[in-house]
Amino acid sequence: MGSSKKTTVSYWYHPFFQLVLHEGPFDKLLEIRGGDVPVWQGEMTASGSIEIAAGNAWGGEEKEGGIEGTVDISFGEMDAQPNPFFQTAMGHDPSGHNGYALLQFNSGRYGAGNPYPKPISVLTERIYEGWLDDVCWYPEKAGISLGSRSVAVAIALDCSGSMNTVTGNGQSRAYNAKVAIAGVLDFLAGRLGSDRVDLMGVGWGRTASTSVWRSVTGSDIDALKSWFNSVATNQSQTDFAVATASAEAFFAGTSPAARKIFIFVTDGEPSREGLPFPLPENDAVDVCQEAADALFAIPGVQSYGFNIDLTETRWTAFLDNTPADGIPVIDGADSNALRHAVVGAIGGGMGMNPAHVVYDSLTCLQGEPIGTIDEASFRAAADRLYAEGFGICTRYNHAAETIEQFRQRILDLIGAECSRYNGKWYLDLIRELSPEEIAELPVLTDDDILEWQEDPTNRDDAVNQVAVKWFDPATKQSRLTAHVHALAAINALGTVNPEVRDYPEVPYEQLANRLALRDLRNKSIPTRRLNLTTNRRPYNWRKGHAFRLQAPRRGIAEMVCRVGEIDRGTLQSGAIRLVAVQDVFAMPSTAYIVGQPPVPPPSQVPEPIEHQLLFEAPYVELAGVLSSADLAALDEDAGYVMAIGVRPGNGQGYALLTRPAAGEFERAGVFDWSPSAVVVEGAGYTDTNFTLASGSLLARVEPGTAALWGSEIVRVDALDPVTGAVTLGRGCADTVAVKHAPGERIHFFDTWAASDRIEYVAAETVEAKLLPRTGTQELAPGDVPTLDVTLDQRAARPYPPAKLRVAGLSDPTVLIGDVAVAWAHRDRVAQADQLVDAEVASVGPEPGTTYTLRAYLNDVLDDEQTGITGTTATWSPSGAGQARIELFALRDGLESWQAQVREFAVGAPLLAEDGSPITAEDGSPIIME
């Protein structure tokens, strides 16, 4: 049997650590990343524990491991107690860090092979928690959906009669399922507005009832709830094919950028194939499996199956066709499991209303009494920002900025002024005014102006091209919008004067594009800036207030201005000094700009290996890796296996699992892809120049290395990976040159083949699985085919004869009379690891080698010559017909791995009247029958 000695090549690390994230409390934990790889996604809303199962996040055992283990999260309650695990591990009474959010990793697996731990990061959401006196101001407008994140969700409800069974809480499983579905729909209702949401409901059994809503509204959500409540659950049997029948058409009709999610809810037991019910013992199995395969093959669809336990009100997520996407297996006790999975799959989240950020900075951070806040102005600003979809993601870093600087940063972003007047704080947005609003503005005239000074406008400083740099929390990338231009300003200036505005608080591209247009307008239009001294008329104006300036004596009939600065004077002087700026400020509601998509990460879902081989290692390979002593001591019954895997659409190699027949699979390691291609032309016995197509990794191939072309080992003499031109030495090692059909695949396996390096014995069958891998995922053994090979003393067998000639020809078609056969010796031991092609003169032979020639006439053995030690033989056919000769080497009772074979016609020629042979068009004689 096969045997090998296990070697430890690396170690998993088992640290425990505690991280202070930020001040608490907060609303939700949405994502955990390790080394910028998502390892957990979902919606955690209270302190507790979660399980991370991302052991392949950084390449698994063969690279840098991943993360597996329990993580405790504290939401920063003021009465938080010390963590029990941390107390036990540290041996003393640690702090509970009251008021601070904590993440603690409890000594699971965290990385392998690399002693430098990768950083961990979290995505949290804080909108409604952490307010002064724990009361969120104006909660109806506090959260704003982050941009247009379209989603298409199909929900398929099992309508079998067993769903009517009452569970442990006194409700039927169907009732529990419908309640959970309602929770999902409530979550989706919260995304309406800037998002497009498409929904499909399917009630499935042996037949299906289907309803579809596109670009749904709140009333559509209510209608879908009612529809699900009305679906009867009395079909006696279920057929998964009807649940998925409408899925492809539904997802094809949605937005191309939409997240696509298919959920089915059932009370069936999960099966190994991922179907939501016990497989029936009939032909329906194939139909169900085909339906599941068809669903999973729809591009971009994430599929989740939810099972209600037969006795308890418990959920189990048992199907997820993206197992390493960071969305965890659902806790069976979590009554919101279905909703949490949808939240994790959709991603995104909410941003905070900037008006609320400013309000919070005044009351909570700065300590201003709530009574000093002008409620009306702040509510009006919050309403306007909510309507604009102006949700932001930011935090106050007290080490880097003061509270005033933090607040001004937000005000600059949203285009607003926050000023104190008459004992109260006011928030005023600077937005474009309608004609009706302009008509209601206060007026400042020549009679009110005591002093006038106008700052000159310098057109050379005008910015005429703007882009906005923003931060995408979904991809954790800093991104840049497309540049927007003021063409008239560029033409006037004669050159481009660009500017990049940095708004890291902006979390989605549509908002960033609108800000780019706003800033371009503000900076590209020449504006008038006035320093005025006036009477007491503007006394109750605030920064940001708009007014109408009517000063005909100074050449201004009427101009809308904004108050930039205001000094209301002193007791000795009642004059007011203010800076007035021409109003060109506006926040566009729409930006007609083609978005700049983020750099998509490579797909982490492994694709099956289409081209793969398992074969017994030839002697030439063993001679290249074993020492001379080990090679000489190798038993003639010993053998090794080799595997070849050709790169599919993606992947970073494959893991090799092997076992003797009926044994347990053992992991042999991770190996790289073998270069491969298709040979365009067909080949005879001596052809050497060809063209390759559909090549994979051909730049890796070096001259002088071996390749496997069908069953023939060839030597690469030259290869141009650009043109595909290749020159091959034919019939090397223990193989002979054979004919090849056009389009046959060739594998350049030398240095790129895999092996478990286990010594097996003759007649032993070895099975193997090749598991394709990406950076974070690996196909499960059950999802790949099993390869097998039976060992047959290949490495111990003598090499076959080479350079075969029959009547002096490499490929005869018709022969007359005696058949002369000639060949060249080959020597397995003398050639060692050298690739000697079939047309080279004799090498050897290996001591003790003889040759056997068998000749067949019309498929009947006509002659057998054994014990030949030379390189020639002659066969005298006993008649005419189709002939086949086989020539192989023999040593110590072992025949060569392959034999030389030729087929041709033999017999007497058909003669003309003058006695000369009659020939065919190719010149060969025509044989008499």
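A crossing of two helices is called left-handed if the near helix is turned anticlockwise from the far one by less than a right angle, and right-handed if clockwise. In this predicted model, local features need pLDDT of at least 70 and side-chain atom pairs count only at pLDDT 80 or more, whereas totals for chains, interfaces and linings use all residues. Residues are numbered from 1 along each chain as its sequence is written, and side-chain values use heavy atoms, with hydrogens and water left out.

The secondary structure of the chain comes to 16 helices and 51 strands, where helices (H or I, at least four residues) and strands (E, at least two) are DSSP runs numbered from the N terminus. Of the 929 residues, 49% count as buried, that is, under 20% relative accessible area with a 1.4 Å probe and protein chains only, against over 50% for exposed and partly exposed in between.

Helix α10 (residues 403-414) has 12 residues and reaches 17 Å from its first C-alpha to its last, close to the 16 Å expected at 1.5 Å a residue, the expected span being 1.5 Å times one less than the number of residues. In α10, I403, F406, R407, I410, L411, L413 and I414 are buried. These residues cover an arc of only 160° around the axis, which puts them on the same side of α10; the arc is that of the directions from the helix axis to the C-beta atoms. They pack against α8 (354-365), α9 (375-387), β17 (416-421), β18 (424-429) and α13 (509-524). Just after α10, G415 takes a positive phi of about 70°.

Two packed helices are described by the angle between their axes and the distance between the axes. Axes are lines fitted to C-alpha atoms, for helices over the stretch in contact, with angles from 0 to 180 degrees between N-to-C directions.

| Helix pair | Axis angle | Axis distance |
|---|---|---|
| α8 and α10 | roughly 165° | within 10 Å |
| α2 (173-189) and α3 (218-230) | about 170° | 10 Å |

The angle of roughly 165° makes α8 roughly antiparallel to α10, a term for angles over 145 degrees, with under 35 roughly parallel, 65 to 115 roughly perpendicular and the rest oblique. α8 passes α10 in a left-handed crossing, and P354, V357, V358, S361, L362 and L365 in α8 meet I403, F406, R407, I410, L411 and I414 in α10, contact meaning heavy atoms within 4.5 Å. In α8, 10 of the 12 residues are buried, so this helix is largely enclosed by the rest of the structure.
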